[in-house]
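Trainee: I would like to learn how to read salt bridges and helix packing in a protein model. Could you take me through them slowly?

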Amino acid sequence: MSAAPEASGERPVPTGAPVPPEVPVPGVHVPAEAPVPGATPVPEVTPVLRMEAVRKSFGTSLVLRDVDLDVAPHTVTALIGASGSGKSTLLRCANLLEEIDDGAIWLDGAEITEPGADADAVRRGIGVVFQAYNLFPHLTVLQNITLAPRRVHGLSRAEAEARARELLERLGLGAKAGEYPDRLSGGQQQRAAIVRALAVRPRLLLLDEITAALDPELVGEVLGLVREVKDEGMTMVIATHEMAFAREVADQVCFLDAGVVLERGTPEDVFGNPREERTRRFLRRIVEAGRL
């Protein structure tokens with residue numbers, strides 16, 4: 001005869017019955033399951049650029065509102081949105097050209113907005129190209145490009161010039177090394193500005209509306225250069241009104257509206273199936289203007 005159950009009130013679990021899941025007990029640590037033997041762990045990739053809850057105001061105008069952004073290595077993030085939506089301010093904050101009011105920014109896992117951070121050291125790892133070419137008019141193209149590598153990064157003249165000439169040749173400006181900026185077309189000047197940013201071998205490249213000041217026929221040559229830079233694996237954040245270009249080159253698209261990243265995703269998601277009504281209205285106007 002089988003033994004009777006104990007008088008504790010517990011009922012035996014019938015053989016073959018499913019075992020109920022364990023219920024976590026407050027205050028009790030349950031160790032994680034051991035990894036499966038032979039399984040390949042998936043390494044966590046540290047973003048080149050990370051922003052968390054970034055806020056920035058100019059006077060009483062709140063320009064960036066709790067912006068979160070992750071930019072993975074060797075990817076392109078395109079910032080789109082109407083003028084005044086905060087795209088340029090976001091880039092300037094990423095390069096510490098503007099001091100944020102709240103939040104935090106990391107570059108390669110190191111916080112660059114903490115008190116005491118060396119802004120000059122941070123900027124040495126970031127290349128920036130603005131709407132205006134900002135080439136020094138009294139220096140040749142070669143001198144413009146070698147200035148930062150020599151003065152900031154400590155390269156010798158020979159090293160800096162060799163690097164500059166290699167970039168100029170590779171990017172189609174080899175014959176313009178000895179020219180002054182006013183002898184170049186707008187497209188050539190902007191391409192020279194991009195080469196200057198690349199000459200310091202940045203970890204991150206920020207491009208702020210780099211075609212905005214160009215005649216339409218010159219836009220293509222500048223965008224072509226950006227395609228080449230992407231193909232070489234450069235990590236970039238691009239603020240742009242060139243929607244077709246953003247759709248082609250970006251890995252991530254962020255739509256900004258009134259300082260908020262209202263929508264983000266792949267180009268296919270944001271351009272092809274936007275979730276937010278404000279995004280749809282913005283893109284509808286772009287399509288009506290023939291720019292997408």
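Mentor: We will go through the salt bridges, and then turn to a pair of helices. Please keep in mind throughout that this is a predicted model.

Trainee: How many salt bridges does the structure hold?

Mentor: A salt bridge is called when a side-chain nitrogen of Lys or Arg lies within 4 Å of a carboxyl oxygen of Asp or Glu. The structure holds 17 salt bridges. One of them joins the side chains of Arg50 and Asp70, with 2.7 Å from N to O. This pair links distant parts of the chain, since Arg50 is in strand β1 (residues 49–58) and Asp70 is in strand β2 (residues 61–71), 20 residues apart.

Trainee: Why do Arg50 and Asp70 count as partly exposed?

Mentor: Partly exposed is the class between buried, which is under 20% relative accessible area, and exposed, which is over 50%. Arg50 falls in that class because its relative accessibility is 29%, and Asp70 does so because its value is 33%.

Trainee: Where do Arg170 and Glu232 lie?

Mentor: The side chains of Arg170 and Glu232 meet in a salt bridge of 2.4 Å, N to O. Arg170 belongs to helix α4 (residues 157–170), whereas Glu232 sits in the loop between α6 (216–231) and β8 (236–239), so the pair ties together parts that are 62 residues apart in sequence. Arg170 has 35% relative accessibility and therefore counts as partly exposed.

Trainee: Which parts does the salt bridge of Glu221 and Arg191 tie together?

Mentor: These two side chains, Glu221 and Arg191, meet at 2.9 Å, N to O. Because Glu221 lies in helix α6 and Arg191 in helix α5 (residues 186–198), the pair ties together parts that are 30 residues apart in sequence. Glu221 is partly exposed, with a relative accessible area of 28%, while Arg191 counts as buried because its relative accessibility is 12%.

Trainee: At what angle do α5 and α6 pack?

Mentor: Two packed helices are described by the angle between their axes and the distance between the axes. Here α5 and α6 pack at an angle of about 20°, and their axes are 8 Å apart. Angles under 35 degrees count as roughly parallel, and therefore α5 is roughly parallel to α6. The crossing of α5 with α6 is right-handed.

Trainee: Which residues make the contact?

Mentor: From α5 the residues include Arg191, Ile194 and Leu198, and from α6 they include Glu221, Leu225 and Val229. By class, the contact of α5 with α6 has seven nonpolar, four polar and two charged residues.

How values were computed. Residues numbered from 1 in each chain as written. Predicted model: local features only at pLDDT ≥ 70, side-chain atom pairs only at ≥ 80, totals over all residues. Heavy atoms only, no water. Helix = DSSP H or I, 4+ residues; strand = E, 2+ residues; numbered from the N terminus. Buried < 20%, exposed > 50% of the residue type's maximum accessible area, 1.4 Å probe, protein only. Axes fitted to C-alpha atoms, helices over the stretch in contact; angles between N-to-C directions. Parallel < 35°, antiparallel > 145°, perpendicular 65-115°, else oblique. Left-handed = near helix turned anticlockwise from the far one by under 90°. Contact = heavy atoms within 4.5 Å. Nonpolar A, V, L, I, M, F, W, Y, C, P; charged D, E, K, R; others polar.
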